Protein chains: 2
Amino acid sequence: MKQAVTLKDLARELNIATSTVSRALKDNPEISAVTRARVKKLAKELNYEPNALALSLRHSKTNTIGVILPELVHFFFSTVISGIEDIAYSNGYNIIICQSNENIDREILDSKALFNHRVDGILACVSKNTNHYDHFIAIQDKGIPIVFFDRDVPIDASKILSNDFEGGYNATKHLIESGKTNLIHLSGPEGLMLSEQRTRGFVQAHRDLGIPFSREKILRCGDGDVEESFKIIQNALQKGMKFDGIFAVNDIAAVGALQALQAAHISVPQEVAIIGYSDWQFSSFISPTLTTIKQNGNDMGKKAAELLLEEIHSKDTFIEPKSITLPTEIILRGTTLNK
Amino acid sequence: MKQAVTLKDLARELNIATSTVSRALKDNPEISAVTRARVKKLAKELNYEPNALALSLRHSKTNTIGVILPELVHFFFSTVISGIEDIAYSNGYNIIICQSNENIDREILDSKALFNHRVDGILACVSKNTNHYDHFIAIQDKGIPIVFFDRDVPIDASKILSNDFEGGYNATKHLIESGKTNLIHLSGPEGLMLSEQRTRGFVQAHRDLGIPFSREKILRCGDGDVEESFKIIQNALQKGMKFDGIFAVNDIAAVGALQALQAAHISVPQEVAIIGYSDWQFSSFISPTLTTIKQNGNDMGKKAAELLLEEIHSKDTFIEPKSITLPTEIILRGTTLNK
DNA sequence: TTTATTATCGCAATCGGTTGCATAATCATA
DNA sequence: TATGATTATGCAACCGATTGCGATAATAAA
């Protein structure tokens, strides 16, 4: 098996020192034009490529950023990665991706692995069950910047979040303004700040618009698959629960709710309106099309990567952590009555 | 800013040689129990983590595999990555991901970057417009194994493909057996072997089942977004084209077709049946639910990663390239008449 | 007491590059 | 011709770890 060609190989072949070869390849003016030409010619011939490992070790710089996220098979996250990848690529960085599978133990191992690979920085979205943060703080302490995205954490670091309170608020407001006043909310898992913010928005909109509200209107829906919300709504209907609008914590839950309503021959949006969250790709495909709150994942990824690069490039000087909250956008479609 | 702690730091602190520290940490019996204990204690205290870069350079082994694929925001590919990540993780490997954005120039740069990072192997799905393969061959020649997935390439290397011919054949056969005999096919981009195989299956099924076939029945649909296929079908209808079944090269195109039919008040599946390809997540959400050919992306990712690891681990001894073709599965749903 | 043996540990090369400094060669000038 | 300036190149340390081999000291055997 062939080995990759090294500086040393070129040097031996040309009978000069490796330092000369190195300088020649970088157009160092101290090297004579003749030597430079000879070196470059041979390098082309042998298809020489510098060993990034050696460079990284020498410069203590890998030009790599690590990404930790809960799941890859997730429309929103895949758009975030795509945004990250764009920015990283155009700045000459590579990305190493780890998926924690919503598991803190895995997340800890991943963060260690990234540190050991000496990534120049880390972008992280913590898993749902992450309840302590030592593993991240330890890495920060070693001087590696971390930017968190999508899910908030009680750490002194830069963050790119979505305005989940606003999203929940506007979703609820839209339902109310379109004439629905008896709303229920399929909420996300407890402890996940993001879903709690959406729920807060749901509650606050009731207050501000003078609509009565009670705790029973919040139905917890932790897993986030279609079947779960289907059963929850089916169950609610069987119990005789009355409502004319549903705010679901995400589009998946919204679809389950929609299917449960359709199975019970309840018309959407006439009898019950539905609004989801995230604008998954399918939301414009289903029938009726799904009104939803859009988060721009690509933007989030780009902003997060930009912020991280900024911190990486000014590694020495202390940088005040920034917290950016991205606005949400309501996408009006068929599952709500739009005046 | 703090620097990461190195072996040398430990050695200086304890006033012993770095080699001793190194051996102590690896439980080398040549080191006395006392010294070993002291070293380990300090390592814990200072939170020592070995520098993976240095190890990689020393051992010429990065425990990293590179992945090149056309797009991240794509349900099928995200499942593939997830499968790759699973296998890689459980074998102690990290993955570096590059998306080519269906662009060969970007693909070439990515492959070089991965080589320069001295990944132990590469998993690649070439972009649609890749028409030469020197960049991959050059890397193979340097002794780095490459396994291709999903899209076939004229290179002597291991491949994990999906049986696209079979998928196209079975899709078509299903339409015909459910009583539809005047079929059209929304085909994928020219030159992409995968879509040509599906088209071949479409044609062959006509032959085998004695259904007349003509070239006009194949409508090219290159981009793969909903709008494109919507327009194509709308256009076909306006021209008075007659058909009672559609085989779409993927679910996205199928959705566009479905919407065009619904807009024209043509009932699905009664008047026209539709079958898609890939079983995107939304396919079970839309109405009617979409019959489709399922490719197991997760399996493909796992198989590809396993095969690559196998080749990595037997790097020295020559390995005969394997070509694995994964079976497809037809998922019967609402857009076809199922007897 | 001398030699052999063993337990412990350090030296130095290595992986593939980079870079400060020294050195040799060439040239110009006094 | 000797000296200073300039040009082109090599030496060697370094990044952070590993590892073969040799060194040292302590212990055991003769």
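Colleague: How many residues does the contact take from chain B and from chain A?

Modeller: The contact takes 58 residues from chain B and 58 residues from chain A. Keep in mind that this is a predicted model.

Colleague: And what area is buried between chain B and chain A?

Modeller: About 5,200 Å² is buried between chain B and chain A, and carbon and sulfur atoms give 59% of that. On the chain B side, B:L53, B:K142 and B:F285 lose the most area to chain A, together 13% of what that side buries.

Colleague: How many salt bridges does the rule find across the interface of chain B and chain A?

Modeller: Two salt bridges turn up across the interface of chain B and chain A, along with 18 residue pairs in polar contact. Several elements give two or more residues to the side of chain B that touches chain A, among them α4 (52-59), β2 (94-99) and α11 (251-263) of chain B. The largest share of that side, eight residues, comes from α5(B).

Colleague: Which side chain does A:E85 meet in a salt bridge?

Modeller: A:E85 meets B:R106, at 2.5 Å from N to O. The pair crosses between chains, from helix α5 (residues 75-90) of chain A to helix α6 of chain B.

Colleague: Are A:E85 and B:R106 buried or exposed?

Modeller: Both A:E85 and B:R106 are buried.

Colleague: OK, now inside chain A. What does A:E102 form a salt bridge with?

Modeller: A:E102 forms one with A:R151, the closest N and O atoms being 3.1 Å apart. The pair links distant parts of the chain, 49 residues apart: A:E102 is in the loop between β2 (94-99) and α6 (104-116) of chain A, and A:R151 is in the loop between β4 (146-149) and β5 (158-162) of chain A. A:E102 is buried at 18% relative accessible area, and A:R151 is buried at 6%.

Colleague: What about A:K41, where does that lie?

Modeller: A:K41 lies in helix α3 (residues 33-46) of chain A with A:E45, four residues apart, about one turn of the helix. A:K41 and A:E45 form a salt bridge at 3.2 Å. A:K41 is exposed, with a relative accessible area of 55%, and A:E45 is exposed at 52%.

Colleague: Switching to rings: how many aromatic pairs are there over all chains?

Modeller: The count is 16. In one of them, the rings of B:F76 and B:F77 have centres 5.7 Å apart and planes at 55°, so the pair is tilted. B:F76 is buried at 4%, and B:F77 is buried at 2%.

Colleague: Which ring does the charged end of A:R106 sit over?

Modeller: That would be the ring of B:Y89, 3.4 Å from its centre.

Methods. Residues are numbered from 1 along each chain as its sequence is written. Chains are lettered from A and ligands numbered from 1 in the order in which they are written. This is a predicted model: local features need pLDDT of at least 70, side-chain atom pairs count only at pLDDT 80 or more; totals for chains, interfaces and linings use all residues. Side-chain values use heavy atoms; hydrogens and water are left out. Rings of Phe, Tyr and Trp (its six-membered ring) pair if their centres lie within 6.5 Å; planes under 30 degrees apart count as stacked, over 60 as edge-to-face and the rest as tilted. Buried means under 20% relative accessible area, exposed over 50%, partly exposed in between (1.4 Å probe, protein chains only). A charge sits over a ring if NZ of Lys or CZ of Arg is within 6 Å of the ring centre and within 35 degrees of the ring normal. Contact means heavy atoms within 4.5 Å. Buried area is the accessible area (1.4 Å probe) that two parts lose on being put together, summed over both. A salt bridge is a side-chain nitrogen of Lys or Arg within 4 Å of a carboxyl oxygen of Asp or Glu. A polar contact is a pair of N or O atoms within 3.5 Å; within protein, one must be able to donate a hydrogen and the other to accept it, and residues adjacent in sequence count only if both atoms are side-chain atoms.
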